[in-house]
Amino acid sequence: MEKLKFPIIRKPLPAPKTLSMDDYLRFVSLNLKYAFNRQVYQEWKKDSAVNEVFVLR
């Protein structure tokens, strides 16, 4: 297995930002607009459907 060389972070991490609900809604809307492909999702959903009856005996 190949050894990975990750960068060493020497500075302290910045404090996390607190988002208002408006900012969060803007973030989620932007994510859905550019990262979510509805057509691909609908095709995957159709392909993954099960047509067999499930019965416990």
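What percentage of the 57 residues of the chain count as buried? The figure is 0%, where buried means under 20% relative accessible area, exposed over 50% and partly exposed in between, with a 1.4 Å probe and protein chains only. Keep in mind that this is a predicted model, where local features need pLDDT of at least 70, side-chain atom pairs count only at pLDDT 80 or more, and totals for chains, interfaces and linings use all residues. Residues are numbered from 1 along each chain as its sequence is written, and side-chain values use heavy atoms, leaving out hydrogens and water.

On to the overall layout. The chain has two helices and zero strands; these are DSSP runs numbered from the N terminus, helices being H or I with at least four residues and strands E with at least two. The radius of gyration is 22 Å, well over the 10 Å from the globule rule for 57 residues, so the chain is more spread out than a compact globule. That radius is taken over C-alpha atoms, and the rule is 2.2 Å times the number of residues to the power 0.38. Along its principal axes, the C-alpha trace spans about 60 × 45 × 30 Å.

Now for the details. Ile8 sits in the segment before helix H1 (21-35) and is exposed, at 64% relative accessible area. From Ile8 to Ser20 is twelve residues in sequence, yet 32 Å in space, C-alpha to C-alpha.

Helix H2 covers residues 38-47, and zero of its ten residues are buried, so H2 lies largely in the open. Asn37 caps the N-terminal end of H2, with a side-chain oxygen 3.2 Å from the backbone nitrogen of Gln39.

Note on methods: Polar contact = N/O pair within 3.5 Å; in protein donor to acceptor, adjacent residues only side chain to side chain.
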